[in-house]
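Please examine the sequence and model shown below.

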Protein chains: 2
Amino acid sequence: MLRRIKGVRYLSSKYFPNEPTSPVVKTASVPGPKSKQINQELGQVYDNKATYFVTDYFNSYGNYISDADGNKLLDVFCQISSIPLGYNNPKLIEAAKSDEMIDAIVNRPALACFPSTNYAQILKDGLLAAAPPGMNKIWTSLCGSDANETAYKAAFMYQHSKIRGNKPFSEEELSSVMNNKAPGASEMTILSFEKGFHGRTFGSLSTTRSKAIHKLDIPAFDWPVAPFPKLQYPLEEFEQENRQEEQRCLNKLEEIIENAPKQIAALIVEPVQSEGGDNHASSEFFQGIRDITKKHNVLFIVDEVQTGVGASGKFWAHEHWNLTSPPDMVTFSKKFQAAGFYYSNPDLQPKDAYRQFNTWCGDPSKAILAKAIYQVIKQDGLVSKTANVGDYLYSGLQQLVNKSDKLKNLRGKNFGTFIAFDCVNADVRNKLLADCRLNGLNVGGCGESGVRLRPTLLFEQKHADLFLNILEKVL
Amino acid sequence: MLRRIKGVRYLSSKYFPNEPTSPVVKTASVPGPKSKQINQELGQVYDNKATYFVTDYFNSYGNYISDADGNKLLDVFCQISSIPLGYNNPKLIEAAKSDEMIDAIVNRPALACFPSTNYAQILKDGLLAAAPPGMNKIWTSLCGSDANETAYKAAFMYQHSKIRGNKPFSEEELSSVMNNKAPGASEMTILSFEKGFHGRTFGSLSTTRSKAIHKLDIPAFDWPVAPFPKLQYPLEEFEQENRQEEQRCLNKLEEIIENAPKQIAALIVEPVQSEGGDNHASSEFFQGIRDITKKHNVLFIVDEVQTGVGASGKFWAHEHWNLTSPPDMVTFSKKFQAAGFYYSNPDLQPKDAYRQFNTWCGDPSKAILAKAIYQVIKQDGLVSKTANVGDYLYSGLQQLVNKSDKLKNLRGKNFGTFIAFDCVNADVRNKLLADCRLNGLNVGGCGESGVRLRPTLLFEQKHADLFLNILEKVL
């Protein structure tokens with residue numbers, strides 16, 4: 001028996017009084033016939049090959065996603081980890097109807113040239129109030145890919161400016177850069193890890209190393225890659241092996257940096273490699289990265305696009321590490337709807353205008369949404385609640401994994417609901433995901449045979465019970 | 001005397017009954033003291049070095065932008081050419097308040113995995129209804145930079161797929177790509193033009209050739225660049241020289257393509273190079289590009305991020321060219337708020353899922369806005385009205401340029417309000433822009449000494465008169 005959380009009060013009922021008490025699947029298949037028909041029509045004009053099912057967002061509610069056929073599935077995938085507070089959350093509807101939002105939608109500003117009178121306040125009440133410890137500045141962009149790319153650009157400009165000092169750009173730099181050649185175009189690099197995922201635009205994709213299909217046929221910068229630890233589970237049985245594996249990776253990382261043919265401007269890492277298979281590492285490993293990057297003047301970027309905003313049981317997953325000094329930049333997107341990066345060192349802002357730039361430089365409508373999301377999370381203490389629910393869910397999964405011969409490598413202990421496990425192979429995983437959907441559970445895969453849980457921050461004990469029951473049934 | 005447009009009916013009065021009849025400048029400087037103070041606060045947390053003035057969008061109205069000090073300026077810059085129908089347009093406010101919009105804001109979908117039941121219809125009623133001639137498919141993204149980058153990705157995948165045929169990816173491709181090396185990572189290139197601007201992310205920035213400050217210290221792909229014609233004005237006096245200049249550029253283009261060390265997957269060009277100085281070329285020049293790219297199997301991408309959506313007097317500026325066959329892809333953003341690219345060849349869609357991908361793959365809230373924008377433009381015939389107002393404005397500017405020794409190279413005849421001229425040097429231009437603001441006119445620069453006009457599609461004869469009067473006074 002699972003130990004119930006004491007005195008549980010269902011906040012999800014406060015926001016979603018009419019949330020279903022269990023999933024409803026009316027069709028013999030998911031996607032059902034209506035979903036298939038609409039998807040076929042969509043396919044005439046839009047690349048729809050990745051469609052799971054066509055979604056009726058108007059009738060999705062709380063933790064339940066509704067499809068075109070009227071099926072209602074408990075959702076623990078949540079638009080690839082990007083729905084923070086459930087579907088049709090009344091607090092977000094309130095924000096969407098506000099004068100501030102309507103203004104932001106119809107009068108979208110070019111923020112860096114014509115900032116709005118209220119943008120600083122919107123940031124201060126939302127995105128900046130949520131800033132990771134030690135960070136007090138922000139640059140806003142539009143999605144995870146360009147959040148990372150703008151951080152890379154900041155890193156390159158910072159490193160070159162450090163070398164250049166107060167000298168102006170040279171004539172050679174000014175002319176060579178127009179032909180995409182050094183010295184004007186940088187030959188520095190960004191280091192990332194095997195299995196890391198950092199986005200799909202050309203710069204971010206050059207640091208993405210999750211799967212070949214993401215990268216094939218696209219040009220990439222010749223940037224370095226370091227091994228990420230492959231931990232063995234259960235952790236308590238492989239303490240020594242895992243410590244050695246992490247040390248091996250740290251040694252290799254330092255070796256790569258020391259022998260790099262071109263200066264490494266920055267290193268980027270996810271607190272948990274999500275798309276790449278929900279690969280965790282210890283706090284000591286990340287402290288090791290912090291120490292090595294500091295020693296070698298490599299900027300340390302933490303990609304919290306998927307791990308940020310509460311699901312890990314801390315607002316930012318890297319808070320679990322208790323670093324001796326904060327990262328240089330932290331990137332965010334997904335659950336915050338807004339995107340960008342945090343930092344504190346003013347030198348990460350280029351001294352000239354129009355270097356870190358874009359027509360829009362973000363989107364106040366998303367920053368307003370982020371503010372509403374942050375305020376709900378804060379007022380309702382959703383981070384610590386998610387930590388508790390995660391512990392409960394993890395215990396339940398532990399029991400299932402222990403008695404199943406199909407599941408292994410349960411991970412994410414004491415890490416909120418940011419939990420994953422592997423199936424014995426990809427076929428079993430793919431069948432499991434399909435069977436789950438047919439039983440009213442929408443759950444996503446990751447890596448080769450992984451299953452990742454990415455519920456909302458209003459996913460509670462009762463939802464965890466349903467989840468565990470369905471998973472057990474499907475197994 | 002300017003010849004007035006006959007029977008003019010002011011649509012701007014229909015949408016903006018209380019629009020000011022002339023600008024109001026209350027402060028001794030623009031930006032004024034409040035604007036400066038708010039901007040200083042913003043600068044504590046956000047890179048604000050490019051700020052013109054802090055804008056009060058709540059009180060901006062129609063063609064008038066209001067600043068933090070209560071100044072109201074006639075706006076012909078319009079958030080870097082991205083405000084289609086004036087500030088606080090009631091039709092857009094209606095769209096912003098719709099149930100469809102509120103749903104799109106609070107339940108933002110991962111469109112490629114969980115498309116919404118209404119997305120196809122939203123596209124068909126808006127973005128696709130506005131598709132350029134010969135195009136019936138769309139991919140949506142978030143801004144001009146990634147609109148172009150997704151088009152580049154489509155081009156690379158298309159060209160490699162053509163070579164690969166029905167063979168699966170090779171083992172060597174699958175492994176090399178994880179290290180960012182050929183053959184898995186492409187060595188093909190995208191060709192762009194000198195002075196072209198196509199965005200700021202790493203791939204799009206590699207094709208941007210407008211100004212060094214946009215590119216310095218950022219790594220770039222070693223991709224080819226071709227000369228763009230430098231036309232002499234007035235056009236009618238330099239017919240032969242300009243024809244020769246364009247032929248020189250076409251010859252050089254074909255030479256570059258024929259001698260390219262790596263296959264050129266696609267060529268990208270703006271109908272008018274905007275950021276690079278509002279550089280025009282003739283329809284014959286663009287037809288020449290179409291012929292050369294077709295002959296050499298180079299995909300032809302037209303970047304209509306700034307020129308699209310009516311301002312040129314056609315919905316898409318490339319419609320002016322009367323090409324013998326349409327471009328392969330047309331990219332859009334800015335005035336449409338939504339972004340992406342149009343195409344018709346189904347082979348530009350990769351055969352496998354998750355190759356053209358992103359968590360969000362666009363944003364229905366922006367597609368809904370694009371639909372409302374398109375419907376107003378269509379119902380009110382704003383494209384042809386803009387063509388007429390543009391002709392009127394051009395004639396007035398012609399008179400000013402003829403009698404001024406500070407202005408030259410007026411361009412954009414018969415091209416709607418997409419008009420520009422040069423000042424004799426950058427200092428004169430910068431002073432002109434500042435003096436215009438102080439006299440109630442917000443206007444933007446481009447290139448080294450250019451002034452570009454980018455008013456809304458509800459900029460009419462009365463606004464043109466005001467504009468001409470202020471400009472004359474400032475001169």
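How many salt bridges are there over all chains? The count comes to 42, a salt bridge being a side-chain nitrogen of Lys or Arg within 4 Å of a carboxyl oxygen of Asp or Glu. This is a predicted model, in which local features need pLDDT of at least 70 and side-chain atom pairs count only at pLDDT 80 or more, while totals for chains, interfaces and linings use all residues. Residues are numbered from 1 along each chain as its sequence is written, chains are lettered from A and ligands numbered from 1 in the order in which they are written, and side-chain values use heavy atoms, with hydrogens and water left out.

Two of the salt bridges are tabulated here.

| Salt bridge | N to O distance |
|---|---|
| Lys14(A) and Asp380(A) | 3.0 Å |
| Asp222(A) and Lys181(B) | 2.9 Å |

Helices (H or I, at least four residues) and strands (E, at least two) are DSSP runs, numbered from the N terminus.

**Interface**

Chain B contributes 126 residues to the contact and chain A contributes 126 residues, contact meaning heavy atoms within 4.5 Å. The two chains bury about 11200 Å² between them, with 63% of it on carbon and sulfur atoms; buried area is the accessible area (1.4 Å probe) that two parts lose on being put together, summed over both. On the chain B side, Tyr46(B), Phe114(B) and Asp217(B) lose the most area to chain A, together 8% of what that side buries. Eight salt bridges cross the interface of chain B and chain A. Helix 7 (residues 144-164) of chain B gives the most to the side of chain B that touches chain A, with nine residues.

**Sheets**

In chain B, seven strands form an open sheet of mixed pairing in the order 3-9-8-7-6-4-5, where two strands pair if DSSP finds at least two bridges between them. Its edge strands are strand 3 (137-141) and strand 5 (225-226) of chain B, each pairing on one side only. Strand 5 of chain B runs parallel to strand 4 (residues 189-193) of chain B, and two bridges join them. Phe193(B) has Ala226(B) in strand 5 of chain B as its bridge partner.

Chain A has an open sheet of seven strands in the order 3-9-8-7-6-4-5, also with mixed pairing. Strand 3 (137-141) and strand 5 of chain A each have a single partner strand, so one side of each is left without a neighbour in the sheet. Three bridges pair strand 4 of chain A with strand 6 (residues 264-269) of chain A in the parallel sense. Leu191(A) has Leu267(A) in strand 6 of chain A as its bridge partner.

**Backbone geometry**

Most residues other than glycine have a negative phi, and most peptide bonds are trans. A cis peptide bond joins Ala182(A) to Pro183(A), with omega about 5 degrees. Pro183(A) lies in the loop between helix 8 (171-176) and strand 4 (189-193) of chain A. The bond from Tyr233(A) to Pro234(A) is also cis, with omega near 0 degrees. Pro234(A) lies in the loop between strand 5 (225-226) and helix 10 (239-258) of chain A. Val309(B), which is not a glycine, has a positive phi of about 70 degrees.
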